[in-house]
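Subject: A structure to look through

Hi,

Here is the structure I promised to pass on. Open it up first, then read my notes below alongside it.

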Amino acid sequence: MLTGITGQDGSYLAEQLLSRDYEVHGLVRRTSTTQRVRLDKLFHDSDVYNKRLFLHYADLDDTTTIRRILLKTEPDELYHLAGQSHVGASFEIPETTCQFTGMGTLKLLEIVRDLAKQPRFLHISSSEIFGRPQTAPQNEETAMRPVTPYGVAKTFATNMVRLYRDSFGLFACNAICYNHESERRGESFVTRKITKAAAAISLGRQKKLKLGSLDGKRDWGYAPDYTDAMWRMLQQPGPDDYILATGFAHSIRDFLDAAFKAVNLDWQDYVEQDPKYMRPSEVTQLVGDASKAKEKLGWTATTNLHELAKRMVRSDREQQQNASYLSP
Ligand code: G4F
């Protein structure tokens, strides 16, 4: 069972689980649109959709419905990936962020606690819990000092997962994920915004790219690696928390460089700064130490920043070229 199955991570994890012969269930929000582009390939596979992949309507705060679905489906593993995940937006909508990212997790834990057959539980936590840490790289023992509403909500959820593991004996784990990107990344996150713009500018369809602060450094990995690690976490003999990261910090300027180089352009000719995208407070330098995941899960990140940027730009160029072909 996955929450957030329609997102970047959910769609990769669903594919990986199906390839491992799982029956996969996903909770989805009921909205007026049924467009779920990241799952398109699976929907159109008649051997998969409604045979080994099933979707159920439930909002994260609808505990009655979620309980009913879990009682009916009796999952062995529950991956909790859903929530408001945009850090910048969390300053605009702190209550919604805490409601879904923080309380949504607690509500799920409460339901699982009462089940006779308890699934193994994985919560996707975030490096945002470390805020402006005093040590680099950060590991599972680093103090949590969040500085954004999203980071505060994730800190609450991460600690609740630990509490339910320690006090109520749940098999509950935190995947403490550093930034992980892909061709399926949401378009408002900085990497995808950059790769989409680099593609559009190279095709003569965009002139400028407006961004906020370029000072932050991030540890950027490739999303399918991270979902693979999540699965490995639930196959361990006991529950635990793991940092998932590449161990390399790069600046936003480095990512711009890599993305624009992929189309033989110089980003400095196109990028403008716009106060609209500045945040009231920023985490500055997050970089993770994933040695525990390497030792216990046999996991390491496979893709470096340059390959990641190149792959995303190539995919954006293809998508934009196909779109113009379909609607001349
Ligand atoms: O791409 P971002 O929005 O990612 P951020 O804030 O690091 O959060 C992501 O990673 C976290 C893991 O550490 C996740 F927990 C979280 O859910 C999410 O997936 O921004 C990255 C950096 C920031 O410093 C931001 O200020 O890019 C800077 N930035 C500059 N211009 C921008 C922009 N970010 C966005 N989204 N849009 C801009 O125009």
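Let's start with N50, which sits in the loop between α2 (40-43) and β3 (53-57). Those labels follow DSSP runs numbered from the N terminus: a helix is a run of H or I with at least four residues, and a strand is a run of E with at least two. Before going on, please keep in mind that this is a predicted model, where local features need pLDDT of at least 70, side-chain atom pairs count only at pLDDT 80 or more, and totals for chains, interfaces and linings use all residues. Residues are numbered from 1 along each chain as its sequence is written, and side-chain values use heavy atoms, with hydrogens and water left out.

Back to N50: its phi is near 65°, a positive value in a residue other than glycine. N50 counts as partly exposed, at 49% relative accessibility. (Buried means under 20% relative accessible area, exposed means over 50%, and partly exposed is in between, using a 1.4 Å probe and protein chains only.) E74 also has a positive phi without being glycine, near 45°. You'll find E74 in the loop between α3 (63-73) and β4, and it is partly exposed with a relative accessible area of 45%.

**Strand β5 and its neighbours**

Which strands pair with β5? One is β4 (residues 77-80), which pairs with β5 in the parallel sense over four bridges. Another is β6 (residues 172-177), also parallel, joined to β5 by six bridges. Pairing here requires that DSSP finds at least two bridges between the strands.

β5 itself covers residues 120-126, and six of its seven residues are buried. Together with helix α6 (residues 149-168) and β6, it makes a right-handed β-α-β unit. Right-handed means that, with the strands pointing away from you, the path from the first strand over the helix to the second runs clockwise.

**The loop between β5 and α6**

This loop holds P137, and the peptide bond joining A136 and P137 is cis, with omega about -5°. T148 is in the loop between β5 and α6 too. Is T148 buried or exposed? It is buried, with a relative accessible area of 2%.

T148 touches V87, S90, F91, E128 and S281, leaving out residues up to four places away in sequence; a contact means heavy atoms within 4.5 Å. With E128, the T148 side chain makes a polar contact to the side chain at 2.8 Å. (A polar contact is a pair of N or O atoms within 3.5 Å; within protein, one must be able to donate a hydrogen and the other to accept it, and residues adjacent in sequence count only if both atoms are side-chain atoms.) A polar atom of the T148 side chain also lies 2.9 Å from the backbone nitrogen of G151. One more thing to look up: the C-alpha atoms of T148 and R279 are 9.2 Å apart, although 131 residues separate them along the chain.

**Salt bridges**

How many salt bridges does a search of the whole structure find? There are 16, each being a side-chain nitrogen of Lys or Arg within 4 Å of a carboxyl oxygen of Asp or Glu.

One of them pairs K117 with D76, the closest N and O atoms being 3.1 Å apart. This pair links distant parts of the chain: K117 is in the loop between α5 (94-114) and β5, D76 is in the loop between α3 and β4, and they are 41 residues apart. K117 is partly exposed at 37%, while D76 counts as exposed at 55%.

Another joins E110 and R113 (2.8 Å, N to O). Both lie in helix α5, three residues apart, about one turn of the helix.

**Helix α7**

Last stop: α7 (residues 190-202) has 13 residues and reaches 18 Å from its first C-alpha to its last, close to the 18 Å expected at 1.5 Å a residue. That expected span is 1.5 Å times one less than the number of residues. Ten of the 13 residues are buried, so α7 is largely enclosed by the rest of the structure. Among the buried ones are R192, K193 and I194. Just after α7, G204 takes a positive phi of about 75°.

Cheers
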